[in-house]
Every structure is written in C-alpha cells, then in structure tokens.
Amino acid sequence: MSTSTRNLSKLKKAARIILVGPPGCGKGTQSGRLLDHFKLTPISSGDLLRENVRNRTPLGIQAETVMRSGGLVQDSLMVKLIVGELSKRGWVETRGNLTSGICLTGPLSVIGGPITPRASDSPTASFLLDGFPRTKNQAQSLDSEVAMNLVVNLDVPRDVILDRIANRLVHEPSGRVYNMTWNKPKNPGVDDVTGEPLTRRPDDCPETFTKRLKAYAEATQPLLEHYDKAGVLWTVSGSTSDEITPQLDAEILKRFG
C-alpha cells in the first residue's frame, strides 16, 4: 500500500488546513505533498475568484466591477466565495442561497451570541485553503463562517530562504522552478520540458527579498497571534522541505488520524 493510501485511510475526521509561511519557504512544495499524502482538496481563493468572474455569477460580476475600478475585492466577498464552494460540496451547512448557488454569509445569532455554521467532520471533507486569509481581519471574517482546525506556520531560517532565492531560476510560462544548488535543470539555463530559456524574477535579489521578508513578518504576526489564541496554530521548523514534511505528516495524523 502506498504512503498516500495509508495516510488517507488513517484520517478519521475532517482536516481544514491553512499553510502560512514567508516567500521562499517552500510552501508550494509542502502544499503539493499534503495534497498527495492525504488526498486533501485544494481550495484556492484566487481560482474561485477567477472562476466566478469567468462564469458571470452574481458574486463574480460584483468582484469584476471592483477590480475594473482598481479596487481590492472585499474580504466579505472572498469569504462568500469560499463558503459557497464548501457549501456546494456539502462541507458546511447552508443558510439560504443566492441564485448563483453561493451561500449567504454574515453572523448568525442566537440567544447568547453569534454562532459559526457547522462544518462536516467527515474525512472526505478535508481541504487545504490557499491564498486566504492573509490578515487578522480576513481570518476573523472567515472564522464567522467556517472553523479552520489547523494553521501551519512554516518556520525556515532567513539565511536559508535568501540562499534559495539567490540560486532560483524559473520558467515563466509554466511556473516551473529550479535551484542551482539542489534542483538544477538538466541543461544549464533552459527548461527541462520545453528547452526554453530560464530567467530570474526581477525581485529575486537579496536586497529586495530581505525587504519582502520584513514586510511579510510585520503583516503576518497579527494573523499568527489570532490563530494561536484560537488554539489551532502549529509551527514546524526546518531548513529543507524534506525536514519539514515528516513532521507535518505526523502532526496531521496525530490530530486527525
């Protein structure tokens, strides 16, 4: 039996996971491994937004209007998109639908205060949320609709991240990423699949990336503190993806297996 099948069979309840980490920490690698090892469903806020705009749903039209005017899509609208997707899959309870099939959101109140809609606890309702939330306010908006039960903070040393960035090459059309120290292209300077030239991203220089890491830390600390107080934050440390993955797999099995 494969590792992914063994892990999937051991999940006994729904895992609703968010990965948080600075640029260059390997979040994409860990996301891919989690999806493979545990057969989680990827829920991407960016993909949901583009899909709703493309399909001309009521929320998509609303979002497109905001974006065309140069504005940022409101947190409440993004939450509606996410909860709507989960609702269509039967993973959160609905409370009245829009004509698009997107679930209405907003605080539900009973005597004693607001309540959060009940989420399915079936292991088949496990998902990895990507792209949202990025701030404490966004997390609070999401909390009112669905209770995430594991937020993973990827802790990778800054010098390791800067070394990765200094040696990173990308194939822009496909998004494939290479590293000159541990994931070299087969032929120098060209993509393994297409043979097209590899390039460096404009902001992949130590000075620029150091500023990005500082800005990330300042913006993300309130988010981490929020989830820590909620009791769902877990930090994993390592210098390589292969150091982090076994720890992450073990934690998920401990919590949801």
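**Exercise 1.** In which strand does threonine 41 lie? Then decide from its accessibility whether it is buried or exposed.

*Solution.* Please keep in mind throughout that this is a predicted model.
- Step 1. Threonine 41 belongs to strand E2, which covers residues 41-44.
- Step 2. The relative accessibility of threonine 41 is 17%. Buried means under 20%, so threonine 41 counts as buried.
- Step 3. Now look for its contacts, skipping residues up to four places away in sequence: threonine 41 touches Leu35, Arg89, Trp91, Ser126, Phe127 and Leu128.

**Exercise 2.** Find the overall make-up of the protein: how many helices and strands are there, and what percentage of the residues is buried?

*Solution.* 
- Step 1. Count the elements: the protein has nine helices and nine strands.
- Step 2. Of its 257 residues, 42% are buried.
- Step 3. Take the contacts between residues at least 6 apart in sequence; 71% of these join residues at least 24 apart.

**Exercise 3.** Work out the neighbours of strand E6. Which strands pair with E6, and why can E6 be called largely enclosed?

*Solution.* 
- Step 1. Strand E6 spans residues 150-155. Five of its six residues are buried, so the rest of the structure largely encloses E6.
- Step 2. One partner is E1, which pairs with E6 in the parallel sense over four bridges. Here valine 20 stands opposite asparagine 153 in E6.
- Step 3. Another partner is strand E9 (residues 233-237), which runs parallel to E6 and is joined to it by five bridges. In this pairing, valine 152 is opposite tryptophan 234 in E9.

**Exercise 4.** Examine helix H7. Which of its residues are buried, and why do they line one face of the helix?

*Solution.* 
- Step 1. H7 runs over residues 158-166, and its buried residues are Val160, Ile161, Arg164 and Ile165.
- Step 2. Look down the axis of H7: the buried residues fall within an arc of 135°, so they line one face of the helix.
- Step 3. Ask what covers them. The cover includes strand E7 (168-171), strand E8 (176-179), helix H8 (206-230) and helix H9 (241-256).

**Exercise 5.** Follow the binding-site annotation. At which residues does UniProt place the feature "binding site", and where is cysteine 25?

*Solution.* 
- Step 1. The unreviewed UniProt entry gives "binding site" at Gly24, Cys25, Gly26, Lys27, Gly28, Thr29, Arg168, Val177, Tyr178 and Ser241.
- Step 2. Compare with the largest pocket: its lining includes Gly24, Cys25, Gly26, Lys27, Gly28, Thr29, Arg168, Val177, Tyr178 and Ser241.
- Step 3. Cysteine 25 is in the loop between strand E1 (16-20) and helix H2 (27-38). Its relative accessibility is 2%, so cysteine 25 counts as buried.
- Step 4. Beyond its neighbours within four places in sequence, cysteine 25 contacts Leu154, Val156, Ile161 and Arg164. Ile161 and Arg164 are among the buried residues of H7.
- Step 5. Threonine 29 is in helix H2. With a relative accessible area of 36%, threonine 29 is partly exposed.

**Exercise 6.** Explore the nonpolar cores. How many residues has the largest one, and what does leucine 142 contact?

*Solution.* 
- Step 1. The largest nonpolar core has 34 residues, and those with the most contacts inside it are Ile18, Leu86, Leu129, Leu142 and Tyr227.
- Step 2. H5 supplies the largest share of this core, seven residues.
- Step 3. Leaving aside neighbours within four places in sequence, leucine 142 is in contact with Ile18, Val79, Ile82, Leu129, Phe132, Pro133, Met148 and Tyr227.
- Step 4. A second, separate core has 24 residues, including Leu150, Val160, Ile165 and Trp234.

**Exercise 7.** Check the backbone. Which residues does a cis peptide bond join, and where do lysine 39 and arginine 56 lie?

*Solution.* 
- Step 1. The cis peptide bond joins phenylalanine 132 and proline 133, with omega about 0°. Proline 133 is in the loop between E5 and H6.
- Step 2. Lysine 39, in the loop between H2 and E2, has a positive phi near 55° although it is not a glycine.
- Step 3. Arginine 56, in the loop between H3 and H4, is not a glycine either and has a positive phi of about 55°.
- Step 4. Finish with accessibility: lysine 39 is partly exposed at 46%, and arginine 56 is partly exposed at 45%.

Definitions and conventions: Residues numbered from 1 in each chain as written. Predicted model: local features only at pLDDT ≥ 70, side-chain atom pairs only at ≥ 80, totals over all residues. Heavy atoms only, no water. Buried < 20%, exposed > 50% of the residue type's maximum accessible area, 1.4 Å probe, protein only. Helix = DSSP H or I, 4+ residues; strand = E, 2+ residues; numbered from the N terminus. Arc of directions from axis to C-beta. Contact = heavy atoms within 4.5 Å. UniProt positions renumbered as here; feature names shortened; annotations may be inferred. 1 Å grid on protein atoms, 1.4 Å probe; cavity = no way out; pocket = protein on both sides within 12 Å on 5 of 7 lines; lining within 4 Å. Pairing = 2+ DSSP bridges. Core = buried A, V, L, I, M, F, W, Y, C linked by side-chain atoms within 4.5 Å.
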